[in-house]
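Student: I have just opened this structure and would like a guided tour. Could we go through it with questions and answers?

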Amino acid sequence: MARCFERSCKEGHVTGSAFLLSFDRKEILLTYHRKLKMWIQLGGHCDGESLVHEVALREAIEESGISELHLLSPIPFDIDIHLIPANSKEEAHYHFDVRYIIIATTKDFICSDESIELKWVPLDKVSHYSQEPSLLRAIKKIYNFVLRPR
């Protein structure tokens with residue numbers, strides 16, 4: 001259903017998240033999100049784009065200012081479904097968040113208007129910044145299934 005990629009799909013819609021890792025894969029770039037007032041990964045709405053890995057890349061570039069990024073795989077490593085509470089602009093709805101690992105070529109970033117702050121955080125210190133269960137679950141998956149030596 002193509003509507004699922006549009007914000008106008010009131011029941012819920014697909015979003016794309018970028019777990020933006022440093023080149024050595026030891027740190028993640030987190031945003032202190034201006035609206036949500038919490039540390040989370042980069043990402044955003046598809047706004048009609050059905051290639052969700054492209055959405056994740058676009059959002060990572062827009063929110064970090066880092067233009068040279070590399071998608072680890074076009075296959076998502078995680079999907080999270082979460083309820084967005086109602087606010088003055090919209091009713092409660094779901095985000096079907098498709099998550100990708102993206103590798104940065106530099107640690108030099110530019111903070112966008114969507115963030116109060118951006119910070120490179122060691123993967124083993126993410127829990128010092130956020131207790132958001134879906135973020136911590138994703139970090140554990142990155143350790144256990146993606147970065148673990150084979």
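Student: How many helices and strands does the chain have?
Tutor: Helices here are DSSP runs of H or I with at least four residues, strands are runs of E with at least two, and both are numbered from the N terminus. This is a predicted model, in which local features need pLDDT of at least 70, side-chain atom pairs count only at pLDDT 80 or more, and totals for chains, interfaces and linings use all residues. Residues are numbered from 1 along each chain as its sequence is written, and side-chain values use heavy atoms, leaving out hydrogens and water. The count for the chain is 2 helices and 8 strands.

Student: What is the radius of gyration of the chain?
Tutor: The radius is taken over C-alpha atoms, and the globule rule is 2.2 Å times the number of residues to the power 0.38. For 150 residues that rule gives 15 Å, and the chain comes close to it, so it is as compact as a globular protein of that length. The C-alpha atoms fill a box of roughly 40 × 30 × 30 Å along the principal axes. The radius of gyration is 15 Å.

Student: What percentage of the residues is buried?
Tutor: Buried means under 20% relative accessible area, exposed means over 50%, and partly exposed lies in between, using a 1.4 Å probe and protein chains only. Of the 150 residues in the chain, the buried part is 43%.

Student: How far apart are L71 and A86 in space?
Tutor: L71 sits in strand β5 and is partly exposed at 24% relative accessible area. Setting aside neighbours within four places in sequence, L71 has contacts (heavy atoms within 4.5 Å) with H53, L57, Y100, I101 and I102. L71 and A86 are 15 residues apart in sequence, and their C-alpha atoms are separated by 33 Å.

Student: What is the separation between the C-alpha atoms of F77 and K141?
Tutor: Along the chain, these two residues are 64 residues apart.

Student: Where is K37 found?
Tutor: K37 is not a glycine, although its phi is positive, at about 55 degrees. K37 counts as partly exposed, with 48% relative accessibility. Its place is the loop between β2 (27-33) and β3 (39-40).

Student: Is D47 buried or partly exposed?
Tutor: D47 is in the loop between β4 (42-45) and α1. Phi of D47 is near 50 degrees, a positive value in a residue other than glycine. At 44% relative accessibility, D47 is partly exposed.
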